[in-house]
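Q: Got a model open here and want to walk through a few spots. Can you keep it brisk?

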Amino acid sequence: MKLGPVTLPALPVPRLGLAAFRRRLVVHLAFMLLVAATLGLALTVLQDQKQRSYQRYEQGFRQSLAEITLQLRHPAGQLALLNPGMEPGNGQDLAPVLLPFSAIDFDDQYKALRAVEMAGCGLRWPQGASLCAAVGSNAYAGGFVYLVGSLDAGPLQPRSVGQLELGGVHRLRVSLDYRGQRSVWTAPYEASRPDEGPAQQRGRLTGFLAEGDQLERQSRPQREFRGWLWREGPCVKTADAEGSCARHTVFSVRLPVEAFKTALFERGAQAWPPRDLDQLRLHVQLLGPAGEGGTAAVLFDSARSGATVGVSLDRLGAGLQAGETLRIERLGEHPLVIAERRGAEIGDAPLPWLSRLIRRLPVDVPVGDASLRLQAREEVATATGRYRLSLQGDLRSLDRQLAREARSLLWLVGAMLAAIAFAWLLVELGLIRRITVLTRRAAAVSYNMQDPRAEQRIGELDVADLEGRDELGILAGTLQALLQRVKDGLRREQLRAEREREMWHAVGHEIMSPLQSLMVLHGGADDPSHRYVQRMQQAVRVLYGTASPSEALQAADLQLETLDLAQFCREVVANAPHAGIEGVQLQGDEGATLPVRGEAYALEDVVTHVLRNAQRHRQPGTPITLTLAAEDGFVLLGIHNIGPAIPADMLTRIFEYGVSDQPPDAGPERRGQGLFVARSYLAKMDAQIEARNEDGGVRFWLRLRRA
């Protein structure tokens, strides 16, 4: 089987569990959570904007209807309700409008102007001139047409008493066509005071039923035709001379209509205003004195084009939003729709899928039905009846509008997702995948360490394709170098073990023959040397034919028996001088019996190694003290010497093989084997050994199990 560059012909590749890919899954899950969080954030923002837009629209929807209702309750708005078809003349004769109040106080300049301005019924021209032609809302006010106009005019030339020629004076000419009858009035200006100056002029407009500028001798003014003209205020242009400058001029006329009067006296209920009021036509002109060509100067003409209406129902629909519809009905026995205004049409969204997504976002809709439509109603009362206003809105327009506004958010979310995808790809290809490859190859090598040819397989890990200047490349290179060093170290250890085995074979072979002779010479049981010759023969028998001291100790088979540790210690104290260790003392009850489980030769080796270590480190002339103590199930043997303390970090390491405080050239007997042998022998006897710093020296405690 082949895994990357590692070839494993004999052993299978281990199947890695889920735990080996946990970090990779965590990284992938983190990026997936980032994507989900980004999309969730975008949807939350859209939902919040949709909720806010719905709330704002619902509030603005009702506020819009309230503002429209407030406008229509104003006299100017009522004028628009009463005259839904009101339009400027634009070069044609005018039709009077119906006022929201019964009449105009035409005899008072300021009251007339205030009534016209409040009702907003005046037509306005670009030069500053204006004219309001209207009838009152009450038919019993006399059935008159009121004309209130204003313009900027120079000094007025009044008519003298009895003057029949009107070509040289200022005059107002009015024509009225209604129901097939035509009436023309010429009303010259007559000053109230003959001695008035040009700065301030006021006078009467006396109406004659005459179309030309020459009056008959028998002509009499119309009694019901009444009018006034005022010219006052500062000069319009300050550069003009004081006596000849143009000043603000106002005229106010009450014009009688015979058809209205006739209808008042007819039997039956009278409908007011007349249904054919829009058929009445008026033409108003203010003429000045004739010039050099004999043609009268026209200061004002109602048929002049360019006039605009102050208030109309058409302007009410200017503020309607897309999908909104405003309907105005005149209530009564037969309701009549007098106006209907619609906002802009709901266009298609630039991204239909985004509009559908926004439509599906859950919000608290202010309406209960699925049509997503809002409706509101208000009523306005006027002098001629009641009117109902109905405003209908469509919330679907908000979804399309929000879809248009969400394009910027869409770009931002797309950029964030692209950044996350790029980071994900960068981490996956540049880090995670390389870590996975390295993990698989390292696992294969670790698994194949079970093969006897491990020293050959450990170098088969090839990570040259993963090396680089980044952290992972450095790790891969370091791992490969480390494995190579391990392989080299393992090979050196094998060579050293082989040389040591050969050395011990040679040593054992050389000393085995002399030992046989010594056993013959000292074969008596009462010979003091007999015991030491037996120990040497036992040691050679253990070491002969093994690979190393550690392997020899592991392979040694001890014959455990019951020993009296107190008697054993007394023998050790007695034999210590023969081993070159002086000053060994036993403290405690020498007559006690302390049976333990052990092997006599191995235990004597253990105590001898400890005594040699204590002799090497004790102060000259001080004794080595052996102490016996018993506790539950165990017997303790303490060996104490006075001397330097053992460093704290070495109290446990001194029992390891090769650990010694002596220099490397101190000789083979001081290369850190004695305490290692002692711990190994005690372990086979189910005993322990430890070292402690106490009483100005060091005490070794041997803990043996009681027999």
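Q: Which strands does helix α2 lie across?
A: Helix α2 (residues 75-82) lies across β15, β16, β17 and β18. Its angle to β17 is about 100 degrees. Axes are lines fitted to C-alpha atoms, for helices over the stretch in contact, and angles run from 0 to 180 degrees between N-to-C directions. Contact means heavy atoms within 4.5 Å. Helices (H or I, at least four residues) and strands (E, at least two) are DSSP runs, numbered from the N terminus.

Q: Before we go on, what are the ground rules?
A: This is a predicted model: local features need pLDDT of at least 70, side-chain atom pairs count only at pLDDT 80 or more, and totals for chains, interfaces and linings use all residues. Residues are numbered from 1 along each chain as its sequence is written, and side-chain values use heavy atoms, with hydrogens and water left out.

Q: And α1, which strands does that one lie across?
A: Helix α1 (residues 22-73) lies across β15, β17 and β18 (385-394). Helix α1 runs at about 15 degrees to β17.

Q: What's the strand order in that sheet?
A: β16-β15-β18-β17, an open sheet of four strands with antiparallel pairing. Two strands pair if DSSP finds at least two bridges between them.

Q: Why is one side of β16 and of β17 left without a neighbour in the sheet?
A: β16 (336-342) and β17 (373-382) stand at the edges, so each has a single partner strand. The twist averages 15 degrees from one strand to the next.

Q: How many bridges between β15 and β16?
A: Six, in the antiparallel sense, with β15 covering residues 325-330. T325 has R342 in β16 as its bridge partner.

Q: New topic. Where is W272?
A: In the loop between α4 (258-264) and β12 (281-290).

Q: What does W272 touch?
A: Setting aside residues up to four places away in sequence, W272 touches L98, V135, G136, S137, N138, A139 and F260. Its side chain reaches the backbone oxygen of G136 at 2.7 Å. A139 is 133 residues away in sequence, but 6.2 Å away C-alpha to C-alpha.

Q: Now R173, buried or exposed?
A: Buried, at a relative accessible area of 18%. The cut-offs are under 20% for buried, over 50% for exposed and partly exposed in between (1.4 Å probe, protein chains only). R173 is in strand β7 (residues 171-178).

Q: Which side chain does the R173 side chain make a polar contact with?
A: That of D213, at 2.6 Å. A polar contact is a pair of N or O atoms within 3.5 Å; within protein, one must be able to donate a hydrogen and the other to accept it, and residues adjacent in sequence count only if both atoms are side-chain atoms. The backbone oxygen of E211 also lies 3.1 Å from a polar atom of the R173 side chain.
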